[in-house]
Amino acid sequence: MNLESYYQKALEFDKNDSLASFKYQFESHDEIYLDGNSLGRLPKKTIELTTDLIQNQWGKRLIRSWNEHWMELPNKIAAKIAKIVGAREDEIFVGESTSINFYKLAYAALNFDNTRKKIISDSLNFPTDLYVLQGLIEQQFPSHSLKIIESKDDICITEEQIANELDKNTAFLTLSHVVFKSAFMYDMKKINEMAHQQNAFVIWDLSHAAGAVPIHLNDSNADMAVGCTYKYLNGGPGSPAFLYIRKDLQEKLINPIWAWFSHQRPFEFSLEYQAKSTIQRFSTGTPSVLSLAATEPGLDLLIKAGISNLRQKSVLQSSFLLEMVQQYLVPIGFSIASPLNINQRGSHISIQHTEGYRINRAMIEPFDSSKPIIPDFRPPNNIRLGIAPLYNTFQELYETVVRIKQIVEEKQYEHFSQEKLKVT
Ligand SMILES: *Cc1c(COP(=O)(O)O)cnc(C)c1O
């Protein structure tokens, strides 16, 4: 198919897109944003909501706002996240960062049966999770060990590799549902079943999955999970993370950080700690009200659009993009670093080129009248093209491939230094 036909196809897809109007609910400028898997766009409603929150709830009502609005806020937001990840609302705690929540769950799982000494993860996992595990072992569980299953192609891991490691000595297995570099996606239900046969827990990291692919924590009998809200959920930079524990496990697990918000009656100020019996036993201190409240409009938009509709669009979009990459970018030195099988792929596509970093810079900072295109870069040479079906169009994907082709053919990347910026 020639470029003109792809262009016509893109316009056709956009015309028939039932979610097309959602993009107008977000702030946007004359650029193509393909990094919604790292920091989602700002919903217009969030501007209104945070202005009111600051001027009225904080500015005028002050401490009274705790009873009027803020004490119930964590549960209100948790109920919305529960809908997106297929859990009950009393199984979600929202607050703190993904790393901290992961620490709490990993500790709880190790403490549950201290005779099981093995933790399993993989080389595709997000490093913060692996760092947390290394720290736990070094500081508190010195007789435990961490097995990191190596990916053979840096794109995926087979179920057989996982099965080979699971045994009766395994405390838990922890994986990203969708991995951050290649977008490889695990079959959650199958993996849970495999681990449960050995009575091992699974802790899922949903950061690159929540809001991008359907997640059925309850239906797949998941034990525990964490995830962040600033990627596909559009909660804002550093917005609070979430944690899931299946209902029947909650009272059996212990939060390593005992604090007043996880106490049964925080406002009695008793000197003896008594853990709550609900999911709130995994909270610690005062919620970050401003950033917590700011997550609501993003969640509402996702729920309104419907995760299965979003997935349907994302599948069409990533397939369209891959087809163009194969036809126009592979012949000029790119390779595809994401699974080709859509059932094993989340919502972003990684492409590699030996000049990946400088091509990525040239996309972001064009020196002619080209539209800026914002992907991100992950070492050694991955350009990640994040598709957020809530606001990306097919035409944008078409324009991206055409622009990358131009940058490479005209060697525009040569104007940029190899030196990496602080945030890539
Ligand atoms: C983005 C991301 C995180 C981020 O952790 P924070 O503690 O919120 O910074 C963790 N895990 C995965 C898989 C991620 O993609």
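Welcome to a predicted model, in which local features need pLDDT of at least 70, side-chain atom pairs count only at pLDDT 80 or more, and totals for chains, interfaces and linings use all residues. Residues are numbered from 1 along each chain as its sequence is written, and side-chain values use heavy atoms, with hydrogens and water left out.

**Around the ligand**

- An N or O atom in the side chain of S99 is 2.5 Å from a ligand oxygen.
- For T98, an N or O atom of the side chain is 3.0 Å from an oxygen atom of the ligand.
- Y230 has a polar side-chain atom 3.1 Å from a ligand oxygen.
- The ligand has 390 Å² of accessible area on its own (Shrake-Rupley method, 1.4 Å probe), and the protein covers 87% of it.

**Helix α8**

- In helix α8 (residues 188–196), M188, I191, N192, M194 and A195 are buried, meaning under 20% relative accessible area, with exposed over 50% and partly exposed in between (1.4 Å probe, protein chains only).
- They sit on the same side of α8 because they cover an arc of only 160 degrees around the axis, taken from the directions from the helix axis to the C-beta atoms.
- These buried residues pack against α7 (159–165), β5 (170–176) and β6 (201–205).

- S182 is in the loop between β5 and α8, and counts as buried because its relative accessibility is 1%.
- Beyond its neighbours within four places in sequence, S182 is in contact (heavy atoms within 4.5 Å) with residues including D154, P339 and H348.
- D154 lies in the loop between β4 (145–149) and α7, and has a positive phi of about 65 degrees although it is not a glycine.

**Towards the end of the numbering**

- The P379 to P380 peptide bond is cis, with omega near 5 degrees.
- K411, in the segment after α14 (394–409), is partly exposed at 43% relative accessible area.

Definitions and conventions:
Helix = DSSP H or I, 4+ residues; strand = E, 2+ residues; numbered from the N terminus. Polar contact = N/O pair within 3.5 Å; in protein donor to acceptor, adjacent residues only side chain to side chain.
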